[in-house]
Amino acid sequence: AVVSTQSTGMHILKKKKDSHGAAIATAKATREGGEERDELLQQISVKEKMLEAVKNEVLKYKECDPEVLEKKKSELLVCRESINRWTDNIFSVQTWCKNKFGIDNKQMCANFSIPEDLDYIS
């Protein structure tokens, strides 16, 4: 009973769809072009081109957006902290090697290509 009711409902909906599709086709075929409509379509086209040009102009200045700048500042802070953490790790390993094996810092820097002027970033 439920299946037959739903199939009947589906059949009715298909008929409505077909009739509306025919009505749309008829309306498109009988629509008058009209100068006013053509002029409005041209204005829409011009406005869309202007909108696209403005969007492109805004994209040029995206990096000056305060939100973007704030995000970059926070990312820079994270990078700075990471660099200083790794620098501290390098110093810790140098100290450990110096205490454990008696390796000089200059020799350690030369062997592992560590710049002698390595220091924390402020």
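Here is a short tour, from the whole chain down to a few side chains.

A quick word on ground rules: this is a predicted model, where local features need pLDDT of at least 70, side-chain atom pairs count only at pLDDT 80 or more, and totals for chains, interfaces and linings use all residues. Residues are numbered from 1 along each chain as its sequence is written, and side-chain values use heavy atoms, with hydrogens and water left out.

**Whole chain.** Colour by secondary structure: you'll find four helices and zero strands (DSSP runs, H or I of at least four residues for helices and E of at least two for strands). Now zoom out. The C-alpha trace spans about 95 × 55 × 25 Å along its principal axes.

**Aromatic pairs.** Rings of Phe, Tyr and Trp (its six-membered ring) pair if their centres lie within 6.5 Å; planes under 30 degrees apart are stacked, over 60 edge-to-face, the rest tilted. That gives two pairs here.

Select Phe-91 and Tyr-120: the ring centres are 5.4 Å apart and the planes sit at 75 degrees, so this pair is edge-to-face. Phe-91 is in helix α3 (residues 66-101) and Tyr-120 in the segment after α4 (105-111), so the pair ties together parts 29 residues apart in sequence. Phe-91 is partly exposed at 23%, and Tyr-120 is partly exposed at 39%.

Next, select Trp-96 and Phe-101, an edge-to-face pair with 5.5 Å centre to centre and 85 degrees between planes. Phe-101 is exposed, at 52%.

Key
Buried < 20%, exposed > 50% of the residue type's maximum accessible area, 1.4 Å probe, protein only.
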